[in-house]
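Trainee: Can you walk me through this model, starting with the sulfur links? I'd like the cut-offs along the way.

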Amino acid sequence: MPAARRVLLCPVTMQLLLQSLLLASCLRSAAAFPKGCYPSEEEGLKTFRCSNAQLTEVPRDIPNDTNKLYLDSNRIPFLPRDAFRDLPLLLELDLSHNAITSVESGAFRGLAEHLHSLDLSSNRLVSISKDAFSNLKAKVNLSNNPWLCDCRLQELIRTVDLVAGSSGGITCHSSVQEEHVGKAFLQVIADTDFCNAYKKTTDIAMLVTMFGWFAMVISYLVYYVRQNQEDARRHLEYLKSLPSKQRRSEESSTISTVV
C-alpha cells in the first residue's frame, strides 16, 4: 500500500474508533438506567424522567447531579429512609400518581438545602408523621389523598409549606368525627382543634384510669377492715365459749399480742 494512502487512512480509522468508543459508552450508560427512564436537559437543568415506567420502588441508578426528578405515574408503594440521599442538587421531585401509603422518617434527608418543589398528590396517603418533612423547605402538594383527619394531619399541615391552591384538595376521606368526612381539611380545622380534642380525650382517659386504681385501693381497704372485724368477732365468740379461768388467760394473751 502506498505511503500516502496509509497516511490518509489513519485519521479516518482514529475517528471511527473514537465514535465507536463514544457509542459504546452511551449504550452502557443507557443500559444502567431502569427501563423507561432517561436523562435530558430542560431549561438548563439536568432532568431524569421515569414517568409511566412501571416502577415499584425508587430507582438507585439516578445521576447524582440531577436537578429535576420525575417518578410520577408509577406503582411505588412507600418511600424508605434515605431514598434520595445521593441527590444533593435536586430541586424538583414529582412523586404524584403512585401508590404511596407510607413515608418513613428521613425519606427526604439530604434534600433540605436545595429542594423547592415536592409533589405527593394523587397517592394513597392516609397519615404521615410531621417528622418525615423535618427541615424541608420545599413547597409540598398533598392533595387528592385519602386522608384521615386527626391531630396528626393537623400537625403535618402546620409543619409543611403547601403549594398555592393545593389546600382545597386536602379533604377528609375519614375522620375521628363523622361529620367532617368529605370536607376540606382547612375548612374543618377553622372550627375544630383536633389536637386539643385529643388532649382532652387523653386527660379523661388518665382520670378514668386513676379513678379505677383509687376504687381498687378503697375496695381492698374495705375488704381488709371487714375481714379483720370478722376475725375479731369470731375470736371473741371463741373466748366467750371458754371456761372463765381459761378465758381470762386467753384474753391476757390476746391483749399482750395486740400491745
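This is a predicted model: local features need pLDDT of at least 70, side-chain atom pairs count only at pLDDT 80 or more; totals for chains, interfaces and linings use all residues.

Trainee: Which helices hold cysteine 151 and cysteine 195?

Mentor: Helices here are DSSP runs of H or I with at least four residues, strands are runs of E with at least two, and both are numbered from the N terminus. The two cysteines sit 44 residues apart, so the link ties distant parts of the chain, cysteine 151 in helix α2 and cysteine 195 in helix α4.

Trainee: Are cysteine 151 and cysteine 195 buried or exposed?

Mentor: The scale is relative accessible area with a 1.4 Å probe on protein chains only: under 20% is buried, over 50% exposed, and in between partly exposed. On that scale, cysteine 151 and cysteine 195 are both buried.

Trainee: What is the handedness of the link between cysteine 149 and cysteine 172?

Mentor: Their sulfur atoms are 2.0 Å apart. Cysteine 149 lies in strand β9 and cysteine 172 in strand β11, 23 residues apart. The angle about the S-S bond is -100°, and the link is left-handed.

Trainee: Why does cysteine 50 count as buried?

Mentor: Cysteine 50 is joined to cysteine 37 by a disulfide, S to S 2.0 Å. Cysteine 37 is buried at 9% relative accessible area. Cysteine 50 counts as buried because its relative accessibility is 0%.

Trainee: What pattern do the disulfides follow?

Mentor: The count comes to three disulfides. With bonded cysteines counted along the chain, the pattern is 1-2, 3-5, 4-6.

Trainee: How many residues does the largest nonpolar core have?

Mentor: A core here is a set of buried Ala, Val, Leu, Ile, Met, Phe, Trp, Tyr and Cys residues joined through side-chain atoms within 4.5 Å. Those with the most contacts inside it are Leu79, Phe84, Phe108, Leu118, Phe133 and Leu142, and the core's size is 47 residues.

Trainee: Which helix gives the most to this core?

Mentor: Elements that each supply at least two residues include β9, α3 and α4. The top contributor, with four residues, is α2.

Technical notes
Residues are numbered from 1 along each chain as its sequence is written. Side-chain values use heavy atoms; hydrogens and water are left out. A disulfide is a pair of cysteine sulfur atoms within 2.5 Å.
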